[in-house]
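Please open the model in your viewer and have the selection tool ready.

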Amino acid sequence: MPIADHKSSTSSDGKVWGFFKRPFRPSGNAAATTTSSSSMSHGHPHPNGDGSVPQASSSVSSVARSLLPTRRRLKLDPCNKLYFPCEPGKQVRSAIRIKNTSKSHVAFKFQTTAPKSCFMRPPGAILNPGESIIATVFKFVEVPENNEKLVDQKSRVKFKIMSLKVKGPMDYVPELFDEQKEQVAIEQILRVVFLDPERSTPAMEKLKRQLADADSALESRKKPPEDTGPKIIGEGLVIDEWKERRERYLARQQVEGLDSA
């Protein structure tokens, strides 16, 4: 009996260990689930039951676009500041050059945190590829309390320049930025810096040159364009410049002939 007991226990132990030596074979549903999760973890989509491949969600692409750095369409000079002469109680000016560095037409727009005391001229425009413009910014400088020096303080007023790619030359309207909000890019947020007008600094001298350029550009825009085409007199009567000169010459010859007679 002891021997029989020993054999039975040995056979039972062999069966137990043999069970654990067998490879684990999951059922059909479990295998499908494991295969699907493994393929999804590796980023390879599997076709649906009808053979079509599921498309990625549009939200994923929008998130990916938001993570990409914004491509600048405009070049600003100065690049991140607006310099104003510090003259409390007066309206002062600053200037900034804006250039379209892209290959398409671009609209730009100004915004400020203090619209009651600041305004821009022009507030926005559409630039051709490679075109540049000097914008003038006006600001009223409030008188500080306790005779504080504005030159040494940081102003809370900020300006924001936004850009929008447009299809071609067109008239600028601010509603363009409202209609295409998703395509609007923030080019730069400009901080206000006050300069001492009595001190000759590189920043102050550069501001004076840019303001002079802005004034001359404004005067040139005010002038009417020169008319180089033919002159129109009356209703539909077109007189060419050379023809007019010839008629004057013939009239002069007739007068001289009468005088000599």
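Predicted model: local features only at pLDDT ≥ 70, side-chain atom pairs only at ≥ 80, totals over all residues.

**Stop one: the cores.** Start by selecting Ile 98, Phe 110 and Phe 159. Within the largest nonpolar core, which has 27 residues, these three touch the most other members. Now stay on Phe 159 and show its surroundings. Beyond its neighbours within four places in sequence, Phe 159 is in contact with Leu 82, Phe 84, Gln 111, Thr 112, Cys 118, Met 120, Val 137, Gln 188, Ile 189, Leu 190 and Val 192. Next, select Ala 95, Leu 195, Met 204 and Leu 207: they are among the eight residues of a second, separate core.

**Stop two: the rings.** How many aromatic pairs are there to visit? The count comes to two. For one of them, show Phe 108 and Phe 110. Their ring centres are 6.2 Å apart and their planes stand at 85 degrees, so this pair is edge-to-face. Both Phe 108 and Phe 110 are buried.

Then move on to Phe 119 and Phe 138. This pair is stacked, with 4.6 Å from centre to centre and 5 degrees between the planes. Colour by strand here: Phe 119 sits in S5 (residues 118–121) and Phe 138 in S7 (residues 132–140), so the pair ties together parts that are 19 residues apart in sequence.

**Last stop: the surface.** Is Phe 138 buried or exposed? Phe 138 is buried, at 8% relative accessible area, whereas Phe 119 has 41% relative accessibility and counts as partly exposed.

Note on methods
Residues numbered from 1 in each chain as written. Heavy atoms only, no water. Core = buried A, V, L, I, M, F, W, Y, C linked by side-chain atoms within 4.5 Å. Buried < 20%, exposed > 50% of the residue type's maximum accessible area, 1.4 Å probe, protein only. Contact = heavy atoms within 4.5 Å. Phe/Tyr/Trp six-rings, centres within 6.5 Å; stacked < 30°, edge-to-face > 60°. Helix = DSSP H or I, 4+ residues; strand = E, 2+ residues; numbered from the N terminus.
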